[in-house]
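Subject: Structure for your review

Dear colleague,

Please find below the structure that I am handing over to you. My findings follow it, arranged by region.

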Amino acid sequence: MAAEGAMAAEGAMAAEGAMAAEGAMTAEGAMAAEPARRRCAGPRIMVQGAPMLNLGSWLVAHIDRLRPLRPPSDASARLAEPSSALASTLLKALFPVAAFIALAPVLWLFFRRTWRELDVEAHEHQRRTLAAGGYDRRPAVLFTITAVVLMLQQYYGGRAVYDEHIRPWLRELELAQTLSPAGVIVPISLRRYDELYSYVWWSFTRVFGYVAIPMVAWKLCFPKDSLLDMGLRVRGLAQHAWIYLLCLAVVVPAVFIVASAPDFGSYYPFYKQSSRSWFDLIAWEAMYFAQFFALEIFFRGFWLAGLRHTLGSGAIFAMVVPYCMIHFGKPYLEAAGAVVAGIALGSLAMRTKSIYSGFLVHVTIALLMDLVALSNRGALPRSFWGT
């Protein structure tokens with residue numbers, strides 16, 4: 001019996017040991033399998049509750065495992081991209097400031113005598129006016145006219161007014177021509193020239209706003225002033241031709257520099273059908289030149305002649321503010337360049353008492369910009385009428 005008890009005790013101990021070992025193995029296997037199960041299962045996105053929160057928690061918990069999946073060089077490139085883009089943006093934003101600082105001495109050396117003569121002339125005029133107990137109404141009238149002109153052009157000189165009022169009228173004319181083609185002088189085709197017609201309206205509003213409104217209003221307020229004194233006299237034009245050529249020598253290289261900007265080729269010409277035919281391009285440039293002539297009359301003629309005796313050289317820098325603002329919406333470097341161009345062309349107009357040199361510079365550069373933009377994208381016209 002003692003032996004039987006010993007054998008029973010030994011069997012119980014053996015069974016107990018086997019069960020313990022089996023349990024240990026099972027637990028160890030489960031623990032070993034758990035990481036594999038987690039690796040295979042991946043993130044468990046809950047259908048109910050807060051699925052994105054659980055996904056976020058999983059990502060945070062496993063971020064160390066995900067990092068090795070990205071090559072270090074790729075991560076460095078991703079980190080470098082924002083700083084590189086920021087540096088490029090800052091460089092583009094600050095480049096005009098550096099250009100202004102570099103060009104300021106050149107403008108000063110070239111126009112300082114003109115500016116001083118204007119200031120002396122304005123000082124004498126103000127002294128005589130104040131001594132006589134008078135008041136010069138010219139700045140108040142000029143600034144008010146300018147505000148009205150720019151406001152009308154902004155709200156009524158664009159595409160919206162054309163779409164709402166001009167195009168329906170043209171559609172009626174086109175229909176009338178279709179029903180009665182006899183006696184038609186200029187055929188209308190909205191399907192082909194709708195965009196061109198919209199720029200006819202745009203050009204008309206610029207010419208009317210920059211020339212007709214200010215000239216008539218000024219003559220009503222100051223009937224003794226001659227409108228020809230607003231830079232419209234041609235006397236001495238040939239004598240100052242060298243200044244025109246000098247301006248071109250400075251500005252033309254800048255055009256080719258600006259032409260490398262990615263937004264330049266897609267922005268010019270304004271009339272996107274210019275590449276369709278030489279007729280489209282010539283018609284567009286004719287309207288473009290007309291509005292440039294009106295613009296020169298307004299800013300370099302009307303503005304400077306009206307403020308010459310009141311502000312002196314300050315009239316030039318006052319004119320630059322609205323002149324730069326009408327370039328808002330154009331490429332950034334062009335809007336910045338309008339500051340330098342406004343000072344140079346304004347000083348030139350004051351020196352020569354003529355707007356024609358500035359107008360010739362303006363239209364030459366405008367034509368060159370359009371042609372360069374078309375050439376860069378291989379879109380110069382290939383026939384006169386197109387297809």
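In what follows, two residues are in contact when heavy atoms of theirs lie within 4.5 Å. Please bear in mind that the model is a predicted one.

I begin with the loop between H10 and H11, where Ser313 is found. Leaving aside neighbours within four places in sequence, Ser313 is in contact with Trp115, Leu118 and Asp119. Ser313 is classed as buried because its relative accessible area is 11%, and buried means under 20%.

Helix H10 covers residues 278-311 and helix H11 residues 314-325; the angle between them is about 145°, and their axes are 8 Å apart. Their crossing is right-handed. From H10, the residues that take part are Leu295, Phe299, Arg300, Trp303, Leu304, Leu307 and Leu311, and they meet Gly314, Ala315, Ile316, Ala318, Met319, Pro322 and Tyr323 of H11. By type, the residues of this contact comprise 12 nonpolar, one polar and one charged.

The largest nonpolar core has 36 residues, of which Trp218, Phe299, Phe302, Trp303 and Met319 touch the most other members. Two or more residues come from each of helix H4 (72-131), helix H5 (138-156), helix H7 (190-221), H10, H11 and helix H12 (332-352). The greatest contribution to this core is that of H10, with nine residues. For Phe299, the contacts beyond four places in sequence are Tyr210, Leu304, Met319, Pro322, Tyr323 and Ile326. Another core, of 35 residues, lies apart from it; Tyr193, Trp284, Val361 and Ala366 are among its members.

Ala366 belongs to helix H13 (residues 356-376). With a relative accessible area of 6%, Ala366 is buried. Although Ala366 and Phe292 are 74 residues apart along the chain, their C-alpha atoms are separated by 9.1 Å.

- Asp163 is partly exposed, at a relative accessible area of 30%, whereas Arg167 is buried, at 19%.
- Arg233 and Asp229: here the closest N and O atoms are 3.0 Å apart. Arg233 is partly exposed, with 34% relative accessibility, and Asp229 is likewise partly exposed, with a relative accessible area of 47%.
- Arg276 and Asp280: the side chains form a salt bridge of 2.9 Å, N to O. Arg276 is partly exposed, its relative accessible area being 21%, while Asp280 is buried, with a value of 0%.

Asp163 and Arg167 also take part in a network of salt bridges, in which they are linked with Arg159 and Asp194.

Yours sincerely

Terms used:
Residues numbered from 1 in each chain as written. Predicted model: local features only at pLDDT ≥ 70, side-chain atom pairs only at ≥ 80, totals over all residues. Heavy atoms only, no water. Axes fitted to C-alpha atoms, helices over the stretch in contact; angles between N-to-C directions. Helix = DSSP H or I, 4+ residues; strand = E, 2+ residues; numbered from the N terminus. Left-handed = near helix turned anticlockwise from the far one by under 90°. Nonpolar A, V, L, I, M, F, W, Y, C, P; charged D, E, K, R; others polar. Core = buried A, V, L, I, M, F, W, Y, C linked by side-chain atoms within 4.5 Å. Buried < 20%, exposed > 50% of the residue type's maximum accessible area, 1.4 Å probe, protein only. Salt bridge = Lys/Arg side-chain N within 4 Å of Asp/Glu carboxyl O.
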